[in-house]
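This report describes the model shown below, moving from its overall confidence to individual residues. Please keep the structure in view while reading.

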Amino acid sequence: MPKDHSALIAALAPAMHDAGALIERIKAAGLTHSDKADASPVTQADTQAEALLEAAIRAADPDAVIVGEEAVAAGIMPDPCGRFWLIDPLDGTRDFIAGRSDYSVNIGLVEAGVPVLGLVLHPPTNTLWAGARGLGAWVERDGMRTAIRTRAMPPAPRIVTSHSHLDERTKAWVATIPDAIITPSGSSLKFCLLAEGLADLYPRFGPTSEWDTAAADAILRAAGGLTLGPDATHFPYAKPGYRNGAFLAIADPACPLRLV
Ligand SMILES: Nc1ncnc2c1ncn2[C@@H]1O[C@H](COP(=O)(O)O)[C@@H](OP(=O)(O)O)[C@H]1O
Ligand SMILES: [Mg+2]
């Protein structure tokens with residue numbers, strides 16, 4: 001029997017901090033990066049952090065199916081199934097390489113196509129967001145845990161968009177929202193801003209993979225928000241190749257906005 005969600009988060013949180021510390025050490029020592037087969041960048045930090053996180057999941061959940069971004073890049077991709085973990089050891093690699101601070105470490109658990117548990121760490125500040133279906137969501141800063149919740153939609157909504165991959169369709173959608181305040185940000189931290197009640201909408205038309213979004217999406221859902229696909233149903237996981245199409249993350253579930 002796998003541990004319950006609360007015990008899994010407690011067991012994995014130390015590994016999240018260890019992965020963050022490892023990434024910061026590698027950054028301080030001077031980064032080199034190479035390009036993967038899909039031309040996206042990878043650093044030593046990505047591969048070493050993924051090995052650490054995969055070992056931690058195996059220790060906490062011995063029969064786990066684990067899908068890691070770097071393992072997939074190396075040709076190891078289990079088929080989507082009813083229950084599996086997703087690891088993105090360093091999301092926002094372009095921002096990381098560019099010297100910006102919005103990158104994150106991500107572990108998510110998907111059950112029956114729904115992201116039900118997530119942990120997201122921001123290495124530069126050692127901030128950890130976590131949450132699970134039925135448990136709520138929280139953030140830990142300086143060892144202090146605070147419960148988090150999404151906010152009601154304000155008259156001037158804050159919209160978060162990708163720093164590195166902002167496409168024309170996303171720009172066009174954002175332009176239709178009156179009085180929007182746009183905040184560019186890298187990585188899954190955009191979902192965390194919604195979960196924490198600091199932003200309202202995260203539209204994304206360009207492609208991502210499920211490891212980019214599962215952990216933080218689980219935290220957003222646990223904090224009261226939702227993520228919808230273009231057909232206005234809950235954005236599903238366990239898709240072929242773990243490929244994400246367009247989605248709209250929404251803080252306030254009463255918000256009527258949709259992607260199309
Ligand atoms: N063309 C593309 N195809 C698939 N994923 C893409 C992509 N362009 C960006 N991404 C994903 O978007 C993530 C970055 O998100 P953001 O732009 O919000 O910072 C990247 O994560 P990595 O940095 O882990 O590779 C990458 O996986
Ligand atoms: Mg990523």
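What pLDDT does the protein average, and what percentage of the residues score at least 70? The protein averages a pLDDT of 96, and 100% of the residues score at least 70.

## Confidence in the model

The structure is a predicted model. For the complex, the predictor reports an ipTM of 0.98 together with a pTM of 0.97.

The protein is divided into domain 1, residues 5-148, and domain 2, residues 158-250. Taken over C-alpha atoms, the centres of the two domains are separated by 18 Å. In the contact between them, 37 residues of domain 1 meet 29 residues of domain 2.

Several elements build the side of domain 1 that touches domain 2. Strand 4, helix 4 (93-97), strand 5 (104-111), strand 6 (114-122), strand 7 (127-132) and strand 8 (136-141) each supply at least two residues to that side. Strand 6 gives the most, with 8 residues. By class, this side of domain 1 has 20 nonpolar, 9 polar and 8 charged residues.

## The surroundings of ligand 1

The shell around ligand 1 holds 18 residues, and the closest are Thr93, Ser162, His165, Gly186 and Pro207. Strand 4, helix 4 and strand 13 (208-209) are the elements that give two or more residues to this shell. Helix 4 gives the most, with 3 residues.

Which domains supply at least three residues each to the shell around ligand 1? Both domain 1 and domain 2 do so. By class, the shell has 1 nonpolar, 11 polar and 6 charged residues.

## The annotated binding site

In an unreviewed UniProt entry, the annotation "binding site" covers Glu69, Asp88, Leu90, Asp91 and Asp212. These residues span 144 residues in sequence, yet no two of their C-alpha atoms are more than 9.5 Å apart, so they gather at one spot.

Two of the annotated residues may be examined in turn. Asp88 is located in strand 4, which comprises residues 83-91. Is Asp88 buried or exposed? Asp88 is buried, because 32 other C-beta atoms lie within 10 Å, and a residue with 20 or more such neighbours counts as buried. Leaving aside neighbours within four places in sequence, Asp88 is in contact with Glu69, Asn106, Trp211 and Asp212.

Leu90 is buried, with 30 other C-beta atoms within 10 Å. Not counting residues up to four places away in sequence, Leu90 touches Ile23, Ala45, Asp46, Ala49, Phe96, Tyr103 and Val105.

## A residue of helix 7

Thr213 lies in helix 7, which covers residues 210-222. Why does Thr213 count as buried? Thr213 counts as buried because it has 29 C-beta neighbours inside 10 Å.

Apart from residues up to four places away in sequence, Thr213 touches Ser188, Thr208 and Asn244. Thr213 may also be compared in position with Val120: the two are 93 residues apart along the chain, and their C-alpha atoms are separated by 10 Å.

Notes:
Residues are numbered from 1 along each chain as its sequence is written. Chains are lettered from A and ligands numbered from 1 in the order in which they are written. This is a predicted model: local features need pLDDT of at least 70, side-chain atom pairs count only at pLDDT 80 or more; totals for chains, interfaces and linings use all residues. UniProt positions are given in the numbering used here, feature names are shortened, and annotations may be inferred rather than shown by experiment. Helices (H or I, at least four residues) and strands (E, at least two) are DSSP runs, numbered from the N terminus. A residue is buried if 20 or more other C-beta atoms lie within 10 Å of its own, exposed if 12 or fewer, and partly exposed in between; C-beta atoms are placed from the backbone. Two residues are in contact if their C-beta atoms, placed from the backbone, lie within 7 Å. Domain bounds come from an automatic or database domain assignment. Ala, Val, Leu, Ile, Met, Phe, Trp, Tyr, Cys and Pro count as nonpolar, Asp, Glu, Lys and Arg as charged, and the others, Gly among them, as polar. A residue is near a molecule or strand if its C-beta atom, placed from the backbone, lies within 6 Å of it. pLDDT is the predictor's confidence in each residue, from 0 to 100.
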